[in-house]
Amino acid sequence: MPAVTLKAPRLFREACYVGGQWITADNGATIDVDNPATGDIIGRVPSLSQADIQQAIDSAQAGFNEWRQMTAQERADLMLRWLDLMQEHKEDIATLMTLEQGKPLAESRGEVDYAGAFIRWFAEEARRNYGETIPAAKRGQHIVVTRNPVGVTVAITPWNFPAAMITRKAGAALAAGCSMIIKPAEATPFTALALAQLAEEAGIPAGVLNVVTGDAPMIGETLTASPVVRKLSFTGSTAVGRKLMAQCAQNIQKVSLELGGNAPFIVFDDADVDKAVEGAIASKFRNTGQTCVCANRFLVQRGIHDAFVEALSKAMSELVVGDGFDEKANQSCLINKAAVEKVQTHYKDALDKGARHVWGESPNDAKGNYVQPVLITDVSHDSTVCKEETFGPLAAVIPFDTEEEAIALANDTPYGLASYFYARDIHRIWRVADALETGIVSINEGAFSNPAAPFGGVKASGLGREGSRHGMEEYTELKYLCMGGE
Ligand code: SIN
């Protein structure tokens, strides 16, 4: 058991959930899971074998056969029961999340709400899985199009949102009538297992939702090698996404990929500085900078540069870094040592290329996995921070002169997940919104994530959309019924 106490200790599971059973690895192998804030071991989860994963595939097939026969209303009712249990156990789920991921408790609570909102959205959407009729070309003929669940699906989810990235996928899959095998990140399996425990208690039939843990490459290979699996949804790095997409080609499995980003956050001279700073804090420092949509590059027009930098440093000085369980903290540790080193490398590289340290403690003075928020400016666009996602609390400012220059810099990346800009001129707003090559453009707003909107990127940031009605469509196939006349 973890050092903290849960109101419902049964939510802490050190076993996988497969076909309605709680299983360990057939060879007894386990993986240690630690608390990134302290390095203490929280518990152990099974390192399943290939045979165990095959068992999960068979179970998901059996679960699919039952789930697809149920009415949309029956499925929605069970999903809403699951949601009720998540809300009832919000504090315990948030506690597990902070324990294994490190994020401040208030953010973990917020994530339980965010995760639940996907279940509600898709439970409602289940009943609107409409098909269509099309006027036929031939007399007496009828064209009917139905939307059908793709079948057994797989979700491979990241550590930065241990609950919401699961429900964003599982909500859509279950609403469409699919079953799912979830492989949570190695760092954060306990939140996933608690959600599975609640799915069982909600009465979601055995095999519909399965959670497996273990060696990620082996699990990915085994799942994608099976012709039973019809779809894979992955959130994580572009490198792993590319590999999984190639593996899915063997069996022509559908793929949704939510991959890396390098979000530009543009502040034009006509922006409202206070609003831009509020948005910058919301975007850059959410989850201590560890989201795929965190602002990675602040492109700031010269006329407003000094005012923005001064106001941003003031706002950053109000951030409170501490252990996730300290209720005063709104910034916490990074996930591991490699994450700390990445921030240090981006910082050093930017300074080596001429950037100026404006505010904050140097990342070189990091203690354990804790990096303090830091602000630099005059960053050259050939710096690593402008090419790769930092995934940490480094705010890097790049001054620019013209709108054309800002657009060119913003688009000068292989990534295209999210972008942000602040401006007041309505003509400029439309021009820039049209020109930015990202799946999401956030205008005068620093926090856009919500289940009703299509989340996803272009270019190396991925394929497909999650959330919204489009999110459920990803788990369906169209079937064209051609009804001949007499
Ligand atoms: C992510 O970082 O992958 C997801 C962020 C979000 O849902 O807002």
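This is a predicted model: local features need pLDDT of at least 70, side-chain atom pairs count only at pLDDT 80 or more; totals for chains, interfaces and linings use all residues.
Residues are numbered from 1 along each chain as its sequence is written, and side-chain values use heavy atoms, with hydrogens and water left out.

Helices (DSSP runs of H or I, at least four residues) and strands (runs of E, at least two) are numbered from the N terminus. Packed helices are described by the angle between their axes and the distance between the axes; the axes are lines fitted to C-alpha atoms, for helices over the stretch in contact, and angles run from 0 to 180 degrees between N-to-C directions. Angles under 35 degrees count as roughly parallel, over 145 as roughly antiparallel, 65 to 115 as roughly perpendicular and the rest as oblique. A crossing is left-handed if the near helix is turned anticlockwise from the far one by less than a right angle, and right-handed if clockwise. Contact is taken as heavy atoms within 4.5 Å, and residues are classed as nonpolar (Ala, Val, Leu, Ile, Met, Phe, Trp, Tyr, Cys and Pro), charged (Asp, Glu, Lys and Arg) or polar (the others, Gly among them).

The axes of helix H2 (residues 72-88) and helix H4 (residues 105-126) come within 8 Å and cross at roughly 165°, which makes H2 roughly antiparallel to H4; the crossing of these two helices is left-handed. On the H2 side the contact includes Ala-72, Ala-76, Met-79, Leu-80 and Trp-82, and on the H4 side it includes Val-112, Gly-116, Ile-119 and Arg-120. By class, the residues of the contact of H2 with H4 comprise 12 nonpolar, 2 polar and 1 charged.

Helix H7 (residues 216-225) packs with helix H1 (residues 50-67) at an angle of about 45°, the axes being 10 Å apart, and H1 is therefore oblique to H7. This crossing of H1 and H7 is right-handed, and in it Gln-50, Ile-53 and Ile-57 of H1 meet Met-218, Ile-219, Thr-222 and Leu-223 of H7. The contact of H1 with H7 contains 5 nonpolar, 2 polar and no charged residues. H7 also packs with helix H8 (residues 238-249), at an angle of about 30° and with the axes 8 Å apart, so that H7 and H8 are roughly parallel to each other; their crossing is right-handed. Gly-220, Glu-221 and Thr-224 of H7 and Leu-244, Gln-247 and Cys-248 of H8 make the contact, which by class has 2 nonpolar, 3 polar and 1 charged residues. Within H7, Glu-221 is partly exposed at 46% relative accessibility, on a scale where buried means under 20% relative accessible area, exposed over 50% and partly exposed in between (1.4 Å probe, protein chains only). The C-alpha atoms of Glu-221 and Gln-247, which are 26 residues apart along the chain, are separated by 7.0 Å.

An open sheet of 7 strands has the order S14-S15-S16-S13-S12-S18-S19, with mixed pairing, two strands being paired if DSSP finds at least two bridges between them. Strand S14 (356-360) and strand S19 (440-443) stand at the edges, each with a single partner strand, so one side of each lacks a neighbour in the sheet. From one strand to the next the twist averages 20°. S14 and strand S15 (residues 374-377) run antiparallel and are joined by 4 bridges, with His-357 opposite Ile-376 of S15. Helix H10 (residues 302-317) packs on the sheet, touching S12, S13, S14, S15 and S16, and its direction makes about 140° with that of S13.

In helix H12 (residues 403-411), the buried residues are Glu-403, Ala-406, Ile-407, Leu-409, Ala-410 and Asn-411. The buried residues of H12 pack against elements including strand S12 (263-267), strand S13 (295-301), strand S16 (394-400) and helix H13 (426-435).

Asn-287 is placed between helix H9 (273-284) and S13 and is buried, with a relative accessible area of 1%, whereas Phe-391 lies between S15 and S16 and is buried at 16%.
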